[in-house]
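Here is a short note for a colleague who is new to this structure. Please keep the view open while you read the points.

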2 protein chains.
Amino acid sequence: MSKRTDVNELGEFGLIDHLTQNINLQHASSLKGIGDDAAVLEYGNKMLVVSTDTLVEGIHFDLIYSPLKHLGYKAVVVNVSDIYAMNAIPKQITVSLAFSNRFSVEALEELYKGIEAACNFYNIDLVGGDTTSSQKGLFISITAIGEGEKDKITYRNGAKEGDILCVTGDLGAAYLGLQILEREKQIYLSNPGIQPDLGTNKYVIGRQLKPEARKDMIENFIPKANFTPTSMIDISDGLASELFHICKQSNVGAILEENGVPIRSDVQEIAINFKLDPITCALSGGEDYELLFTISPNDLEKVKYMPDVYICGEIVNVSEGIKLHTKGGNIHPLKAQGWVHFGN
Amino acid sequence: MSKRTDVNELGEFGLIDHLTQNINLQHASSLKGIGDDAAVLEYGNKMLVVSTDTLVEGIHFDLIYSPLKHLGYKAVVVNVSDIYAMNAIPKQITVSLAFSNRFSVEALEELYKGIEAACNFYNIDLVGGDTTSSQKGLFISITAIGEGEKDKITYRNGAKEGDILCVTGDLGAAYLGLQILEREKQIYLSNPGIQPDLGTNKYVIGRQLKPEARKDMIENFIPKANFTPTSMIDISDGLASELFHICKQSNVGAILEENGVPIRSDVQEIAINFKLDPITCALSGGEDYELLFTISPNDLEKVKYMPDVYICGEIVNVSEGIKLHTKGGNIHPLKAQGWVHFGN
């Protein structure tokens with residue numbers, strides 16, 4: 001091959017777009033293909049939602065500080081989170097593992113204990129998969145299958161001008177958990193005698209090592225409040241990046257209110273100790289596995305008093321772009337992966 | 001962890017059995033979980049069949065002699081073959097890739113060209129997946145989803161005493177193709193100036209690098225002949241190993257007729273040149289992606305004149321074990337992964 005283009009020139013999403021540009025869906029059952037949290041298939045009177053995610057050692061996790069049981073749990077969570085983000089309920093998973101010969105049966109048992117614990121908590125069946133060797137490292141590829149109702153499935157592309165932007169839970173903690181784990185790893189590597197000091201940081205470390213998907217929102221709160229979001233996505237890469245996905249696919253703009261972005265006060269404190277701006281951790285940190293969704297203004301009353309849901313902005317015309325309204329009253333363009341240094 | 005058990009003590013199938021021994025299926029839609037070619041889910045009036053398989057660089061393929069386009073094609077084929085082995089028709093796939101930074105956009109385009117070619121040939125939709133980095137090597141994990149009819153889905157556990165054992169196509173060629181590619185690789189590595197001599201071995205090399213699944217059997221010949229196999233499996237690990245799976249899960253024995261095992265004469269010749277017994281290549285070689293199935297004796301007339309189907313034995317009582325009836329008239333126990341040296 002004469003030309004060599006580095007994949008970093010395109011980025012992950014650009015690469016997928018590029019590689020799959022010729023793909024056309026042939027089957028009536030394939031309702032939605034690449035480009036959302038999950039594919040949507042129509043089988044009988046059910047909508048089937050399918051999502052795949054892979055965790056790779058050295059890229060997505062570090063076994064120095066990720067216990068295998070937690071890792072198995074998290075590998076399931078990141079997949080069921082994609083199913084929930086379609087407003088569907090996960091039912092089955094398949095698990096593909098590739099691992100080098102440094103992994104013992106006991107180590108794999110630990111990993112499976114975590115996978116089983118997540119299957120129990122999220123009420124899903126582990127129905128298949130395969131195990132194989134790798135030359136180096138551990139790969140966990142999980143495919144999750146969920147069920148939804150045709151008129152309730154929520155895509156990324158349904159946000160309309162005037163819709164209200166909502167987010168669940170709190171943001172930024174998983175990213176700060178990772179910073180602490182990386183710091184303690186460096187201390188440990190330079191002096192293995194020192195025990196890591198994780199005491200006051202339990203919450204953020206837990207958010208990094210054992211995140212949860214918003215089962216409660218999709219299986220309980222949203223159906224009880226009796227509305228369907230107009231668009232939805234889970235927050236795996238950071239609020240800013242997810243908002244860009246919704247705006248791009250819905251062909252709309254947005255104004256995000258810094259005031260509305262939920263960040264716990266203890267998390268803000270940890271950010272400041274790291275000399276990081278808390279809002280930047282929330283916007284660009286990722287791995288929170290919360291839900292970002294839009295609702296019709298008609299549904300505002302239904303959402304206002306829901307537990308753990310925060311109103312954080314508004315959908316506007318595409319010509320207005322995607323902007324952040326800061327606590328200080330300034331409005332400036334939001335950057336998808338941008339990094340605002342502390343003190344700005 | 002105090003104890004360290006090497007995974008090789010259990011083997012791949014033993015390891016899966018061990019890790020998943022506590023798994024119980026909760027959902028009414030999960031009809032069949034781990035232990036067959038694919039999981040079976042009931043959605044509406046359709047039976048959904050789901051299978052996952054991963055190809056790992058350095059374990060399942062060597063990029064020195066596997067063109068990326070062929071590799072993409074093969075990665076799809078090994079998965080749709082599992083769907084066909086359930087007597088179901090593949091409809092959708094998701095593709096997860098992990099690759100190191102030595103892979104360029106152009107290299108991944110080649111891989112996707114192969115994936116797309118297979119999707120076109122097998123009439124399946126690529127509906128999703130993800131791409132991620134790896135520290136080393138290329139990983140391709142594909143999940144295939146197919147559709148079947150409830151009374152036609154064929155499991156591994158349905159073989160009955162008196163059933164007739166059938167196999168499609170011809171066996172042993174893919175394994176010999178691999179031997180030739182490995183030999184030419186060694187020659188090339190010791191003297192890169194020498195061009196590989198693959199001329200007379202095109203068939204076996206094609207079987208290794210670009211295998212096909214038996215779409216024709218499942219979508220055409222078997223429905224036309226109007227019967228349903230009592231059990232079925234695809235031949236990925238070798239005829240002997242697959243027959244063991246059927247017998248174990250059906251709780252039966254079998255007598256395999258060496259005379260009935262289809263091996264092309266040119267393939268036999270190549271085996272002999274490698275000082276290998278052709279029947280051993282067929283029994284233990286693997287990667288043929290043919291179908292091994294059993295039929296009720298009542299369906300014998302329907303199968304007898306089907307193209308490319310060979311009758312190769314009989315299902316017997318479990319007490320009789322699993323035996324090979326050699327061309328020489330001897331009957332001896334079949335070994336699942338055994339290797340009979342040439343000349344035995």
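**Notes on a predicted model**

1. Start with chain A. Bear in mind that the model is predicted.

2. In chain A, 17 residues of domain 1 are in contact with 19 residues of domain 2. On the domain 1 side, helix H2 (residues 68-84) of chain A gives the largest share, nine residues. By class, that side of domain 1 of chain A has 10 nonpolar, four polar and three charged residues.

3. Now the two chains. In chain B, 69 residues are in contact with 69 residues of chain A. Several elements of chain B give two or more residues to this side, including helix H1 (11-19), strand E3 (46-56), helix H3 (105-122) and strand E6 (139-148). Which element gives the largest share of the side of chain B that touches chain A? That is E5(B), with nine residues. The residues on this side of chain B divide into 26 nonpolar, 30 polar and 13 charged.

4. How are the copies related? A rotation of 180 degrees, with 0.0 Å of shift along its axis, superposes chain B on chain A, and the RMSD is 0.1 Å. The two copies are therefore related as by a two-fold rotation axis. In chain B, the C-alpha nearest the axis belongs to B:Gly44, 2.4 Å from it. The copies meet through the same surface, because 100% of the interface residues of chain B are also interface residues in chain A.

5. Look at one residue in strand E5 of chain B: B:Gly129 is found there. Is B:Gly129 buried or exposed? B:Gly129 is buried, because 28 other C-beta atoms lie within 10 Å, and the cut-off for buried is 20 or more. Not counting residues up to four places away in sequence, B:Gly129 touches A:Thr52 in chain A, and B:Thr94, B:Val95 and B:Ser96 in chain B. For scale, B:Gly129 and B:Lys304 are 175 residues apart in sequence and 42 Å apart in space, C-alpha to C-alpha.

6. Then the core. The largest nonpolar core has 211 residues. Those that touch the most other members are A:Val76, A:Leu239, A:Leu243, B:Val76, B:Leu239 and B:Leu243. In soluble globular proteins, nonpolar side chains tend to be buried together. Take B:Leu243 from that list. Leaving aside residues up to four places away in sequence, B:Leu243 touches B:Ala254, B:Leu256, B:Leu292 and B:Ile322.

7. Turn to strand E9 (residues 253-257) of chain A. Its side chains alternate. A:Ala254 and A:Leu256 point to one face and are buried.

8. Which strands pair with E9(A)? With strand E11 (residues 309-316) of chain A, E9(A) pairs in the antiparallel sense over four bridges. The bridge partner of A:Ile255 in E11(A) is A:Glu314. With strand E12 (residues 322-325) of chain A, E9(A) pairs in the parallel sense over four bridges. Here A:Ala254 stands opposite A:Ile322 in E12(A).

9. Check two backbone angles. Most residues other than glycine have a negative phi. A:Asn123 is not a glycine, yet has a positive phi of about 55 degrees. A:Asn123 sits in the loop between helix H3 (105-122) and strand E5 (125-133) of chain A. A:Asn123 is partly exposed, with 14 other C-beta atoms within 10 Å. A:Asn226 also has a positive phi, of about 65 degrees, although not a glycine. The loop that holds A:Asn226 lies between helix H6 (215-225) and strand E8 (231-234) of chain A. A:Asn226 is exposed, with 8 other C-beta atoms within 10 Å.

10. A:Asn259 is found in the loop between E9 and helix H8 (265-273) of chain A. Is A:Asn259 buried or exposed? A:Asn259 counts as exposed, with 12 C-beta neighbours inside 10 Å; the cut-off for exposed is 12 or fewer. A:Asn259 and A:Ile218 are 41 residues apart in sequence and 25 Å apart in space, C-alpha to C-alpha.

Key. Residues are numbered from 1 along each chain as its sequence is written. Chains are lettered from A and ligands numbered from 1 in the order in which they are written. This is a predicted model: local features need pLDDT of at least 70, side-chain atom pairs count only at pLDDT 80 or more; totals for chains, interfaces and linings use all residues. Two residues are in contact if their C-beta atoms, placed from the backbone, lie within 7 Å. Ala, Val, Leu, Ile, Met, Phe, Trp, Tyr, Cys and Pro count as nonpolar, Asp, Glu, Lys and Arg as charged, and the others, Gly among them, as polar. A nonpolar core is a set of buried Ala, Val, Leu, Ile, Met, Phe, Trp, Tyr and Cys residues joined through C-beta atoms within 7 Å. Copies are superposed by least squares on the C-alpha atoms of residues with pLDDT of at least 70 in both. Two strands pair if DSSP finds at least two bridges between them.
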